[in-house]
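Hi,

Here is the structure I promised to send over. Have a look at it first, and then read on for what turned up.

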Amino acid sequence: MSGSQHFVFPSHCEVRHIPPLCSGKVLRQIIGHVSSKYFLLITDPSVQLGQLALERMVAVAEQTNAGLVYSDYYEVKNEQRTEHPVIDYQLGSIRDGFDFGSLFLFSIAAVQHAIKKYGAIANVRFAALYDLRLKVSIDHRLFHLPEYLYSRTETDARASGERQFDYVDPQQRQVQREMEAVCKQHLKDIGAYLPPKFIKSPRPKGVFPAIASVIIPVRDRARTIADAVTSALAQQADFSFNCIVVDNHSTDDTTNIIKNIASHDDRVKHIVPQRTDLGIGGCWNEAIFSEHCGQYAVQLDSDDVYSDPKTLQKIIDVFRTERYGMVIGSYKVVNSKLQEIPPGIIDHREWTPNNGRNNALRINGLGAPRAFSTEILRCMGGFPNVSYGEDYAAVLMVARQYQIGRLYEPLYCCRRWEGNSDAALSIDRINRNDAYKDKIRTIEILSRCSRNTHTGLKRKSL
């Protein structure tokens with residue numbers, strides 16, 4: 001158990017207190033003292049068990065032969081109790097922020113098997129529990145019991161949009177490095193690790209109408225779309241570029257604003273799709289497969305603006321130095337008035353040329369602006385037609401074969417305001433988003449395992 005002594009256990013239970021992010025040494029000691037068939041880790045001292053909760057968890061563990069059982073729970077905030085469901089674990093649920101809730105019932109047999117087969121829990125300060133559950137997950141089921149077996153008090157009152165950057169806090173760098181090392185070993189254990197060997201980006205097969213196209217998918221952003229398009233048109237470059245705005249049947253004044261700008265500047269290509277079933281990814285496909293798309297497709301969200309008039313030049317200059325499959329920049333988080341707000345600059349410096357594409361499976365984002373080789377996007381079949389995770393899926397597919405160039409100076413202002421689509425998500429929406437990204441990771445891991453099998457790079461042989 002981590003935290004204080006608020007939780008009351010039966011008199012026959014042996015209780016040991018551990019820090020929330022425990023070390024490998026501490027977790028190894030705990031496991032070494034376990035003489036029962038199961039052991040329970042509680043990561044929040046405010047947990048209050050429901051009726052026969054432990055008995056239910058043990059019974060399910062017995063019936064399913066699971067290595068770990070976890071459950072839904074009630075969240076208590078401002079004295080109000082609400083349901084907090086969590087999601088099923090799958091092969092791609094390897095992000096270190098996966099929400100298990102606050103109760104982990106481990107099978108000691110599964111733990112011992114995992115340690116014997118895949119090695120002792122890593123000698124880390126913070127990532128021991130992450131390492132343990134990854135090891136157990138390889139050969140044993142991590143079973144989600146969709147029952148509300150306990151309640152816990154939520155003290156973080158921030159909305160989802162305010163919490164989404166926590167994992168890139170510079171103060172967490174040491175934690176991130178440990179998590180990356182653990183994830184890297186896990187990918188080797190399951191045969192999904194990719195060594196730093198890349199192929200060159202293909203040279204253009206045809207003639208493109210421009211070197212670069214700024215792609216802006218938009219729907220109902222009358223408040224911000226003019227700023228975004230103007231930011232694109234203000235770019236100063238030694239090459240030709242245009243701005244493709246894919247207007248996904250806006251119902252406010254967005255369409256008229258785009259038409260007005262396009263009437264004064266023929267670099268603006270205003271596309272209104274014939275289809276009415278498109279997400280953000282589908283809008284990207286409308287742009288990259290259009291006759292207007294340049295050799296490189298560069299992202300700009302309809303809420304945001306580039307930091308300065310040289311952003312596009314800096315991105316294409318990186319493509320010119322090496323035949324990268326894509327280039328990713330860094331961004332600054334600002335308010336609607338473009339004033340910097342916490343956490344400030346998001347540069348994803350955890351990315352390394354040698355291990356970036358492996359570590360990408362552990363984290364939820366990779367930075368912005370993102371710029372792609374249009375040739376590669378077309379060969380891959382474009383983006384998934386969804387409005388969450390479409391860019392993440394594309395990056396993983398590109399990274400499977402191609403090196404990715406990085407820029408660590410802020411090129412992009414990411415505006416946070418009450419109108420952002422992710423400003424205050426419900427738990428159901430968060431769960432759907434997380435489950436989808438985990439599914440994208442599952443697809444990618446299966447693809448990498450298959451690729452390694454065909455190239456002779458198999459489990460435990462790396």
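Tyr70 and Phe98 are both buried, where buried means under 20% relative accessible area, exposed over 50% and partly exposed in between (1.4 Å probe, protein chains only). Before going further: this is a predicted model, so local features need pLDDT of at least 70 and side-chain atom pairs count only at pLDDT 80 or more, while totals for chains, interfaces and linings use all residues. Residues are numbered from 1 along each chain as its sequence is written, and side-chain values use heavy atoms, with hydrogens and water left out.

Now the aromatics. The structure holds 15 aromatic pairs; rings of Phe, Tyr and Trp (its six-membered ring) pair if their centres lie within 6.5 Å, and planes under 30 degrees apart count as stacked, over 60 as edge-to-face and the rest as tilted. One of them joins Tyr70 and Phe98, edge-to-face, with 6.2 Å centre to centre and 85° between the planes. Tyr70 lies in strand β3 (residues 68-77) and Phe98 in the loop between β4 (80-84) and β5 (103-107), so this pair ties together parts that are 28 residues apart in sequence. Helices (H or I, at least four residues) and strands (E, at least two) are DSSP runs, numbered from the N terminus.

Another edge-to-face pair is Trp284 with Phe372, at 5.9 Å centre to centre and 75° between the planes. Here the pair ties together parts that are 88 residues apart in sequence, because Trp284 lies in helix α9 (residues 280-288) and Phe372 in strand β14 (residues 370-373). Trp284 is buried at a relative accessible area of 5%, and Phe372 is buried at 1% relative accessibility.

Tyr70 and Phe98 also belong to one aromatic cluster, along with Phe39, Tyr89, Phe100, Phe104 and Phe106. Two charges sit over rings, too: Arg81 lies over the face of Tyr74, 3.8 Å from the ring centre, and Lys188 lies over the face of Tyr193, at 4.9 Å from the ring centre. The test is that NZ of Lys or CZ of Arg is within 6 Å of the ring centre and within 35 degrees of the ring normal.

Back to strand β14, which also holds Ser373. Ser373 counts as buried at 5% relative accessibility. Leaving out residues up to four places away in sequence, Ser373 touches Ser201, Gln295, Tyr296, Phe319 and Gly325, with contact meaning heavy atoms within 4.5 Å.

With the residues up to four places away in sequence not counted, Arg378 touches Phe208, Ile288, Phe289, Ser290 and Cys293. The C-alpha atoms of Arg378 and Phe289 are separated by 7.0 Å, although the two are 89 residues apart along the chain.

Then there is a helix pair. Tyr392, Ala393, Leu396 and Met397 in α13 meet Lys437, Ile440, Arg441, Glu444 and Arg448 in α14. The axes of α13 (residues 390-399) and α14 (residues 427-455) come within 10 Å and cross at roughly 10°.

For the overall picture, the protein has 14 helices and 15 strands, and 54% of its 462 residues count as buried. Of the contacts with a separation of 6 or more, 81% are between residues 24 or more positions apart.

Cheers

How values were computed: Axes are lines fitted to C-alpha atoms, for helices over the stretch in contact, and angles run from 0 to 180 degrees between N-to-C directions.
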